[in-house]
Amino acid sequence: KQWYQRRVRVASTEIFTLHAFGFSLFFLCSTVNIFAVSRLMLSGVTGSGETNGRTVYYPLLYIITFVGCFISYIVHDRYCIGGVYTVFGALELVMIFCNIMFWTQCDALDWRGYTISIE
């Protein structure tokens, strides 16, 4: 097979320590960022002092999906029930998209009132 036809697949159990460290670091950094920015937005320290109603709920949704990820991963790891890892993957995607939506809302609030034109 050619190099582009080979599938490289590394299971998380092969380098579990690195996988667990990377996921934990991502979760810790993004959680601290989301809560810090939410706190600043609610206190009016940021630019316009405005908040979008949905922006306040993203940290809560983020924590709920993390708890779901953690529980589904532990259940999959201990009991290997079919479909549980799919739930873990889906919740992990929800958590990542929640992070993306939060920062998109923050950017929209920061750039409100500005017009960008290209000549």
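The legends below describe several close-up views of a predicted model of one protein chain.

**View 1**
The chain has 119 residues, and 23% of them are buried. Its accessible surface comes to about 9,100 Å², with 65% of that area belonging to carbon and sulfur atoms. Among the contacts with a separation of 6 or more, 69% are between residues 24 or more positions apart.

**View 1. Helix α1 and its buried residues.**
Helix α1 covers residues 16-43, and its 28 residues should span 40 Å at 1.5 Å a residue, which agrees with the 40 Å between its end C-alpha atoms. The buried residues in α1 are F27, S30, T31, I34, V37, S38 and M41. An α-helix has 3.6 residues a turn, so residues three or four places apart point the same way. Leaving out residues up to four places away in sequence, T31 touches Y62 and I63.

Y58, P59, Y62, T65, G68, C69, S72 and Y73 are the buried residues of α2. What is the relative accessible area of C69? C69 has a value of 1%, and is therefore buried. The helix is followed by C80, whose phi is positive, near 50°, and C80 is a residue other than glycine.

A90 is found in helix α3 and is partly exposed, with a relative accessible area of 41%. A90 and C69 are 21 residues apart in sequence, and the distance between them in space is 8.6 Å, C-alpha to C-alpha.

The largest nonpolar core has 10 residues, namely F27, I34, V37, M41, Y58, Y62, M95, C98, F102 and C106. The elements that give two or more residues to this core are α1, α2 and α3. In soluble globular proteins, nonpolar side chains tend to be buried together. Y58, a member of this core, is in contact with C98, M101, F102 and Q105 when its neighbours within four places in sequence are left aside.

**View 2. Aromatic rings around F27.**
The structure holds 6 aromatic pairs. The ring centres of F27 and Y62 are 5.8 Å apart and their planes lie at 5°, so this pair is stacked. Because F27 lies in helix α1 and Y62 in helix α2, the pair ties together parts that are 35 residues apart in sequence. Both F27 and Y62 are buried, and F27 has a relative accessible area of 14%. The rings of F27 and F66 are also stacked, since their centres are 3.6 Å apart and their planes are at 15°. This pair, too, joins α1 to α2, and so ties together parts that are 39 residues apart in sequence. Ring pairs link F27, Y62, F66 and F70 into a cluster.

**View 3. Cysteines and the disulfide count.**
How many disulfides does the structure contain? A disulfide is a covalent bond between the sulfur atoms of two cysteines. With a cut-off of 2.5 Å between cysteine sulfur atoms, the count comes to 0 disulfides.

How values were computed
Residues are numbered from 1 along each chain as its sequence is written. This is a predicted model: local features need pLDDT of at least 70, side-chain atom pairs count only at pLDDT 80 or more; totals for chains, interfaces and linings use all residues. Side-chain values use heavy atoms; hydrogens and water are left out. Helices (H or I, at least four residues) and strands (E, at least two) are DSSP runs, numbered from the N terminus. Contact means heavy atoms within 4.5 Å. Buried means under 20% relative accessible area, exposed over 50%, partly exposed in between (1.4 Å probe, protein chains only). A nonpolar core is a set of buried Ala, Val, Leu, Ile, Met, Phe, Trp, Tyr and Cys residues joined through side-chain atoms within 4.5 Å. Accessible areas come from the Shrake-Rupley method with a 1.4 Å probe; for residues, only the protein chains shown count as cover. The expected span of a helix is 1.5 Å times one less than its number of residues. Rings of Phe, Tyr and Trp (its six-membered ring) pair if their centres lie within 6.5 Å; planes under 30 degrees apart count as stacked, over 60 as edge-to-face and the rest as tilted.
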